[in-house]
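Trainee: I am new to this structure, and I would like to go through it slowly with you. Could we look at it together and take one point at a time?

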Amino acid sequence: MLEKYAKLSLLDRMVIAVQRVHERLKLTTSTLETARIPYAVAGSSAVAAWLAAKEPSAVRYTRDVDILIRRANFHAVRRALEAAGLVYQRFKEIDLFLDGDTPRDAVRIIMAGEKVRSTDIFAAPDVNESEHVGPIRLLNLAPLVQMKLATFSLNDKVDLRDMLDVGLIDQTWVQRFPQELGERLQVLIDTPEG
């Protein structure tokens, strides 16, 4: 795969990488829309969409395409995405649909009502906690923030800081969540540089 890009400049490679993520997101959402399968864009792609609505210059490049679905719809999702050319693979207990050679070039499936990781505090929300924004179904802000607080990885912390920086969320959000999640958000508010 890298040979294909060998003659391109570094800048061109960067542009292609971002375009591939956007194309993967478009392919996935349009396929699920056409198949009328309930879903919601989640994860860093959803954060990017929310940031773009508030302050486009705050959007970070993300390689993540996370799609929230109901487990009952998994087989229909698999049929639709495989028919669209994506390749199913189970990798480290995660259901992926590859659009390239590695798990980095993939759509990651998150099951609604289930924990993303066994160590998470709360389960993922349902797909109905979303709304159509243009051609995609986007997870609403509050359940997205709760998911980020529940998983609380380094990537999640960066996403939450970005949302704080542009004013999508603020101090008043601490009280919206169960205590442990509110405390995590408070730590991010109290240590903006850390």
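Mentor: Let us begin with Leu10, which at 64% relative accessibility counts as exposed, where exposed means over 50% relative accessible area, buried under 20% and partly exposed in between, with a 1.4 Å probe and protein chains only. This is a predicted model, in which local features need pLDDT of at least 70 and side-chain atom pairs count only at pLDDT 80 or more, while totals for chains, interfaces and linings use all residues. Residues are numbered from 1 along each chain as its sequence is written, and side-chain values use heavy atoms, with hydrogens and water left out.

Trainee: In which helix does Leu10 have its place?
Mentor: Helices are DSSP runs of H or I with at least four residues, strands are runs of E with at least two, and both are numbered from the N terminus. The run that covers residues 10-34 includes Leu10, and that run is helix α2.

Trainee: Is Arg24 buried or exposed?
Mentor: Arg24 lies in helix α2, and it is in contact, meaning heavy atoms within 4.5 Å, with residues that include Arg63, Asp99 and Asp105, once neighbours within four places in sequence are left aside. Its relative accessibility is 2%, so Arg24 counts as buried.

Trainee: What is the relative accessible area of Gly43?
Mentor: Gly43 lies in helix α3, which covers residues 43-54, and it touches Asp66, Leu144 and Lys148 when residues up to four places away in sequence are not counted. Gly43 is buried, and its relative accessible area is 8%.

Trainee: How many residues of α5 are buried?
Mentor: Among the buried residues of α5 are Leu141, Pro143, Leu144 and Lys148, and what covers the buried residues of α5 includes β1 (40-42), α3, β5 (106-111), β7, α6 (154-165) and α7. Helix α5 is therefore largely enclosed by the rest of the structure, and its buried residues number nine of the eleven.

Trainee: At what angle do helix α5 and helix α7 pack?
Mentor: Axes are lines fitted to C-alpha atoms, for helices over the stretch in contact, and angles run from 0 to 180 degrees between N-to-C directions. Helix α5 (residues 141-151) and helix α7 (residues 179-190) have their axes 9 Å apart, and they pack at an angle of about 85°. That makes α5 roughly perpendicular to α7, since angles of 65 to 115 degrees count as roughly perpendicular, under 35 as roughly parallel, over 145 as roughly antiparallel and the rest as oblique. The contact is made by Gln146, Leu149 and Ala150 of α5 and by Leu181, Arg184 and Leu185 of α7, at that angle of about 85°.

Trainee: Which residue in the turn between β6 and β7 has a positive phi?
Mentor: Strand β6 (residues 130-133) and strand β7 (residues 136-139) pair in the antiparallel sense over four bridges, where pairing requires that DSSP finds at least two bridges between the strands. Ser130 stands opposite Leu139 in β7. The two strands form a hairpin with two residues between them, and the residue in the turn with a positive phi, of about 65°, is Gly134.
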